[in-house]
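Visitor: I am new to helices. Can you show me how to read them here?

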There are 2 protein chains.
Amino acid sequence: MALTGIRVVDLTRILAGPFCTLLLADMGADVIKIETPKGGDPVRVQGTIKDGLSWYFAQFNRNKKSVVLDLYSDEGKQALADLLRTADVVVENYRPGVFAKMGFDQAKLDELNPNLIVTSVNGYGSTGPYVDRPSFDFIAQAMSGFMSVNGPPDGDPMRAAPPLSDLIAGLYAAFGVVSALVGRGRTGRGQRVESSLTGGLISMMAYLSAQYFATGEPPARTGNNHPIVAPYGLFHASDGMVAVAPSNNVFVERFLGVLGLEYILSEPDFSDNAKRMANRDRLNALVNEKTSEQTVDHWIDVINKAGCPCGRVMDLGEVFTDPQVLAQEMVLEVEQPGYGPVRMTGFPVKLSDTPCRVRHPAPRLGEHTAEVMSEIGYDADRVARLAPAND
Amino acid sequence: MALTGIRVVDLTRILAGPFCTLLLADMGADVIKIETPKGGDPVRVQGTIKDGLSWYFAQFNRNKKSVVLDLYSDEGKQALADLLRTADVVVENYRPGVFAKMGFDQAKLDELNPNLIVTSVNGYGSTGPYVDRPSFDFIAQAMSGFMSVNGPPDGDPMRAAPPLSDLIAGLYAAFGVVSALVGRGRTGRGQRVESSLTGGLISMMAYLSAQYFATGEPPARTGNNHPIVAPYGLFHASDGMVAVAPSNNVFVERFLGVLGLEYILSEPDFSDNAKRMANRDRLNALVNEKTSEQTVDHWIDVINKAGCPCGRVMDLGEVFTDPQVLAQEMVLEVEQPGYGPVRMTGFPVKLSDTPCRVRHPAPRLGEHTAEVMSEIGYDADRVARLAPAND
């Protein structure tokens with residue numbers, strides 16, 4: 001696999017950090033998840049629990065090993081130090097400064113392992129006036145500007161339902177780690193890598209940020225309407241909704257042609273995009289009148305065949321039974337010992353020669369403490385002292 | 001820099017592909033953007049144009065070189081082949097199959113350069129029943145399930161305003177490319193890397209997908225309300241809104257304590273989370289009554305000091321003047337020759353020893369045709385035949 005032989009010590013919990021290490025593990029890295037003796041990662045008992053297993057935990061921790069260490073104890077800290085000596089990468093998502101206070105400042109890390117890539121996923125970055133503030137996905141969505149542009153124009157600023165800032169920060173951190181590995185291949189040296197919930201989501205504002213920078217005017221919420229193109233958006237079929245995105249005049253002609261409405265393009269109220277924007281409500285009413293005559297399936301078929309981007313508005317039940325999603329192997333079934341098969345999301349990055357795959361299911365708490373510690377020379381007594389409560 | 005010496009031939013346009021190559025360029029890769037003779041990347045004339053320059057183009061194409069080739073001509077195809085021989089990575093975002101039809105199928109690419117990492121960013125993946133459909137961010141938001149969970153519970157499914165599926169697919173592709181580079185360092189071989197707009201966004205459904213897989217019930221839209229925690233969300237201060245995310249009982253106590261409302265936790269209607277959820281409207285009214293007595297600044301200060309995650313709901317004007325965002329260097333000013341300073345978003349991944357930086361501004365169309373082609377042995381006459389209309 002692409003990252004075979006890369007050893008990652010993973011001190012993260014909840015979501016942003018564990019998503020970073022999941023991406024590395026799915027690519028073949030050997031990820032050693034360090035967990036606290038009392039229950040480990042809180043996600044073990046969060047999200048939807050089925051027959052005693054968190055399917056949320058199972059999805060985000062496949063391909064990782066679990067080692068229990070009490071990092072408040074001297075023996076636990078020593079064991080972490082011994083693991084870091086053998087690692088390529090460490091990932092933590094403490095608040096900035098906490099890892100140093102635990103005894104692992106940069107000088108100590110350099111002493112243990114000068115080639116180590118030290119990765120922090122945090123809320124606001126590790127410098128600046130908000131560095132000590134607690135963070136959280138919902139807060140990063142508010143403070144990145146995302147909420148200010150998301151949602152209907154006549155409603156409140158609106159969060160995205162998925163924890164986007166956590167996931168994006170985790171993905172950026174994984175990209176940073178692997179970039180640092182490429183750099184280390186040339187220089188031989190490790191370095192610090194960092195991403196933040198707020199910074200990551202800010203970088204996703206794309207043309208909205210460019211619009212603000214160029215004009216000084218913050219963009220407003222426009223809901224499902226495209227800010228500068230019509231027709232565009234969701235339209236009602238007889239049995240559901242269809243999303244249509246005719247992003248230029250060629251696509252508009254194709255879309256209206258399929259509906260039998262191409263004639264309106266020669267009417268003065270709809271003859272160019274500016275006029276269509278000015279008369280958008282009437283235009284959308286004409287389009288909806290036509291689309292409501294047939295089913296979603298019909299429109300998806302004929303609008304796509306005309307070469308205009310369109311699609312069904314799917315709930316997650318439709319998504320995960322969709323033939324394309326299944327063909328892309330975006331649903332995996334993983335045998336979880338003691339629990340049976342667990343379904344989870346597949347791999348978003350496809351590599352032809354070294355594809356991502358599930359090597360093992362999410363670990364039981366401390367499942368690999370003995371295995372991992374004995375590999376670095378700990379005898380059974382010493383392992384037993386580290387993690388008395390583990391199997 | 002981390003990716004110094006990595007040479008990327010970039011055939012992409014618009015957003016998803018160019019974001020992938022931007023991330024590689026910001027990390028130090030040598031990105032050669034191949035553009036068509038007639039105007040090049042359409043984004044050169046899209047987004048907010050100021051004094052003739054698209055600030056959107058400037059942001060997403062910094063650190064790249066522009067080479068104009070007519071890929072419909074034999075000479076253009078030959079020039080591309082010659083560039084691919086010298087490259088580590090090629091990135092394209094054609095519809096699947098188009099690059100092969102242009103003459104660059106895998107056999108040809110293997111013949112040109114067996115170590116090449118061949119990267120496709122596409123709509124639905126390169127296999128499966130929808131492979132020939134045109135795609136677009138709005139459609140991927142609909143078909144990934146994102147829209148089904150985004151937005152207010154009593155409204156339509158709602159897109160996110162930023163083009164999230166494009167950006168996430170680009171970021172996944174960049175992660176895939178760099179992972180494949182690490183793999184190549186061990187095996188010496190290139191391979192194909194792929195990400196899609198739909199697959200990328202599906203992978204961001206996190207606990208919502210786990211909930212569907214475990215229960216068979218697709219999650220509904222819950223707007224700004226947390227599906228299982230109260231109080232949580234946006235609250236009205238005297239001069240704006242405050243986002244507060246007390247994700248567990250400790251944070252709830254801290255938050256209500258700051259408001260002087262801790263006494264309600266001993267009342268039967270609010271004594272645990274289930275009761276607070278059942279009486280959420282009354283609870284939110286009590287909280288809003290208190291928060292409306294003071295300013296946003298006041299609440300941000302005291303709620304953070306109490307250790308509960310909270311933040312201001314910022315528009316992009318507030319974001320890009322925020323002291324933390326500025327301390328994190330998330331606003332860059334880049335001198336664009338002929339246009340003056342252009343402001344744009346900074347780097348979301350921080351590396352300590354080899355930080356991302358702006359080496360040069362977004363290129364003029366064909367600015368580097370002569371430089372890049374002469375480096376691989378093309379003489380002036382041959383360059384002139386390739387790109388007669390360029391400077």
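Guide: Keep in mind that this is a predicted model.

Visitor: Now the helix itself. Which residues of helix H11 of chain B are buried?

Guide: First, the general idea. An α-helix has 3.6 residues a turn, so residues three or four places apart point the same way. Now the case. H11 of chain B covers residues 249-258, and its buried residues are Phe251(B), Val252(B), Phe255(B), Leu256(B) and Val258(B). Viewed down the axis of H11(B), these buried residues fall within an arc of 155°, so they line one face of the helix.

Visitor: What do the buried residues of H11(B) pack against?

Guide: Two elements of chain B: strand E10 (240-244) and helix H14 (296-305).

Visitor: How do I read a pair of helices?

Guide: Two packed helices are described by the angle between their axes and the distance between the axes. Take chain A, with helix H1 (residues 16-26) and helix H8 (residues 164-187). Their axes come within 7 Å and cross at roughly 45°. That angle makes H1(A) oblique to H8(A). The crossing of H1(A) past H8(A) is right-handed.

Visitor: Which residues make the contact?

Guide: From H1(A), they include Phe19(A), Leu23(A) and Leu24(A). From H8(A), they include Asp166(A), Leu167(A) and Val177(A). By class, the contact of H1(A) with H8(A) has 11 nonpolar, two polar and one charged residues.

Terms used. Residues are numbered from 1 along each chain as its sequence is written. Chains are lettered from A and ligands numbered from 1 in the order in which they are written. This is a predicted model: local features need pLDDT of at least 70, side-chain atom pairs count only at pLDDT 80 or more; totals for chains, interfaces and linings use all residues. A residue is buried if 20 or more other C-beta atoms lie within 10 Å of its own, exposed if 12 or fewer, and partly exposed in between; C-beta atoms are placed from the backbone. Helices (H or I, at least four residues) and strands (E, at least two) are DSSP runs, numbered from the N terminus. The arc is that of the directions from the helix axis to the C-beta atoms. Two residues are in contact if their C-beta atoms, placed from the backbone, lie within 7 Å. Axes are lines fitted to C-alpha atoms, for helices over the stretch in contact, and angles run from 0 to 180 degrees between N-to-C directions. Angles under 35 degrees count as roughly parallel, over 145 as roughly antiparallel, 65 to 115 as roughly perpendicular and the rest as oblique. A crossing is left-handed if the near helix is turned anticlockwise from the far one by less than a right angle, and right-handed if clockwise. Ala, Val, Leu, Ile, Met, Phe, Trp, Tyr, Cys and Pro count as nonpolar, Asp, Glu, Lys and Arg as charged, and the others, Gly among them, as polar.
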